[in-house]
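This report describes selected features of one protein model together with its ligand. The sequence and the structure are shown below.

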Amino acid sequence: MDLNNKIEKIGIVFAMKGEALATIHHFNLERINGNYPVELYGNAENKIVVSLNGTCSFTGVDNVGTQAATLNTYVLINEVNPDIVINAGTAGGFAHSGAKIGDVYIGTNRVVYHDRRIPLPKFDEYGIGNYGLINTDYLAKQIGIKQGIISTGNSLDYVDRDLQLMKMSNASLKDMEAASVAWVCQLLNKAFIPIKSVTDMVDGGIPTEVEFKANFNLATKNLNLKLIQLIDFIYQKTMEEIVSPEK
Ligand code: SAH
């Protein structure tokens with residue numbers, strides 16, 4: 001997008017409905033068309049649209065992970081054509097990088113994968129992904145949140161090799177969607193911002209699913225507070241104003 005164009009339409013991709021409810025209520029969003037399983041919620045003229053991965057028709061659970069997030073992002077961009085795409089959600093954090101339960105992070109630098117292991121020339125690099133996002137230095141300061149590299153994979157737990165790859169990538173956060181959302185944004189030339197709150201410590205020793213459930217409400221509350229602040233801050237500003245305001 002042109003750096004001088006105003007951000008007038010914001011799309012927010014979530015994996016889980018429970019993560020998105022507070023934002024849907026805050027902006028009085030109502031269900032609009034959307035190809036199933038993706039669920040779109042918008043306000044007048046779709047200035048703010050929340051887009052959910054939707055639920056699995058066989059099991060009834062949210063369609064978490066990269067496959068549904070890829071479809072979600074594509075449907076959102078195709079139907080609404082937002083000026084910017086935010087991926088909001090929960091994540092595991094690394095204690096060694098200073099993360100704590102309930103912290104909210106904005107992505108920085110790049111978004112990577114840790115479970116696409118293809119040890120062939122060039123395919124190894126392709127597997128990691130290294131997708132871009134906007135420079136979030138100024139936004140992190142304005143909103144008052146940490147910055148970190150997010151690494152994505154399709155499992156809530158991990159194997160040793162995942163951990164090695166996350167360390168090599170300098171990841172502060174581990175999730176199941178951000179890299180796939182970033183990929184679609186890169187393909188379709190959309191500005192991208194990931195924002196994630198910490199439900200569990202990857203290197204903390206407690207089983208992830210136990211910590212995830214115990215901290216989901218706290219993390220989701222913090223996520224929505226910061227996400228709403230972020231949306232209010234970037235709305236009607238230009239890309240230039242949110243990326244490089246110091247002159
Ligand atoms: N166990 C959950 C299922 C959610 S799956 C339940 O019972 O409802 C986890 C979701 O939260 C994904 O969308 C993922 O992006 C995020 N997430 C939170 N902590 C994570 C972690 N440690 N690793 C990977 N994804 C995590």
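## Terms and basis

A residue is called buried when its relative accessible area is under 20%, exposed when it is over 50%, and partly exposed in between, with a 1.4 Å probe and protein chains only. Helices (H or I, at least four residues) and strands (E, at least two residues) are DSSP runs numbered from the N terminus.

The model is predicted: local features need pLDDT of at least 70, side-chain atom pairs count only at pLDDT 80 or more, and totals for chains, interfaces and linings use all residues. Residues are numbered from 1 along each chain as its sequence is written, and side-chain values use heavy atoms, with hydrogens and water left out.

Strand 4 covers residues 48-52, and because five of its five residues are buried, the strand is largely enclosed by the rest of the structure. The side chains of I48, V50 and L52 point one way from strand 4, while V49 and S51 point the other way; all are buried.

Strand 4 pairs with strand 1 (residues 10-14) in the parallel sense, over five bridges; two strands are taken to pair if DSSP finds at least two bridges between them. Within this pairing, V13 has S51 of strand 4 as its bridge partner. Strand 3 (residues 39-42) runs antiparallel to strand 4 and is joined to it by four bridges. Here E39 has L52 of strand 4 as its bridge partner. Five residues lie between the strands in the hairpin of strand 3 and strand 4, where E45 takes a positive phi near 55 degrees.

## Backbone exceptions

Most residues other than glycine have a negative phi, and most peptide bonds are trans. The bond joining Y36 and P37 is a cis peptide bond, with omega about 5 degrees. P37 belongs to the loop between strand 2 (30-32) and strand 3.

N81 has a positive phi, near 50 degrees. This residue sits in the loop between helix 2 (66-80) and strand 5 (84-93), and its relative accessible area of 45% makes N81 partly exposed. N109 likewise has a positive phi, near 75 degrees. N109, however, is located in strand 6 (residues 104-113), and with a relative accessibility of 53% N109 counts as exposed.

Seven of the ten residues of helix 6 are buried, so the helix is largely enclosed by the rest of the structure. The buried residues of helix 6 are A178, A179, S180, V181, A182, V184 and C185. Just after helix 6, N189 takes a positive phi of about 60 degrees.

A nonpolar patch on the surface is formed by Y74, W183, L187 and L188, which together have about 390 Å² of accessible area. Such patches are made of residues with over 30% relative accessible area and no salt bridge; like charges are joined within 9 Å, and nonpolar side chains (Val, Leu, Ile, Met, Phe, Trp, Tyr) within 5 Å. A salt bridge is a side-chain nitrogen of Lys or Arg within 4 Å of a carboxyl oxygen of Asp or Glu. Accessible areas come from the Shrake-Rupley method with a 1.4 Å probe, and for residues only the protein chains shown count as cover. L188 lies in the loop between helix 6 (178-187) and strand 9 (191-201) and is partly exposed, with a relative accessible area of 34%.

## Ligand surroundings

Of the 17 residues around the ligand (heavy atom within 4 Å), T90, K174, M176, E177 and D200 come nearest. A polar side-chain atom of D200 lies 2.7 Å from a nitrogen atom of the ligand. For T199, a polar side-chain atom is 3.3 Å from a ligand nitrogen, and for G92 a backbone N or O atom is 3.3 Å from a ligand nitrogen. The ligand taken alone exposes 570 Å², of which the protein buries 85%.

S151 is part of strand 7 (residues 146-152) and, at 0% relative accessibility, counts as buried. Its side chain makes a polar contact with the side chain of H114 at 2.8 Å. A polar contact is a pair of N or O atoms within 3.5 Å; within protein, one must be able to donate a hydrogen and the other to accept it, and residues adjacent in sequence count only if both atoms are side-chain atoms.

A88, in strand 5, counts as buried at 1% relative accessibility. A88 and I195 are 107 residues apart in sequence, yet their C-alpha atoms are 4.9 Å apart in space.
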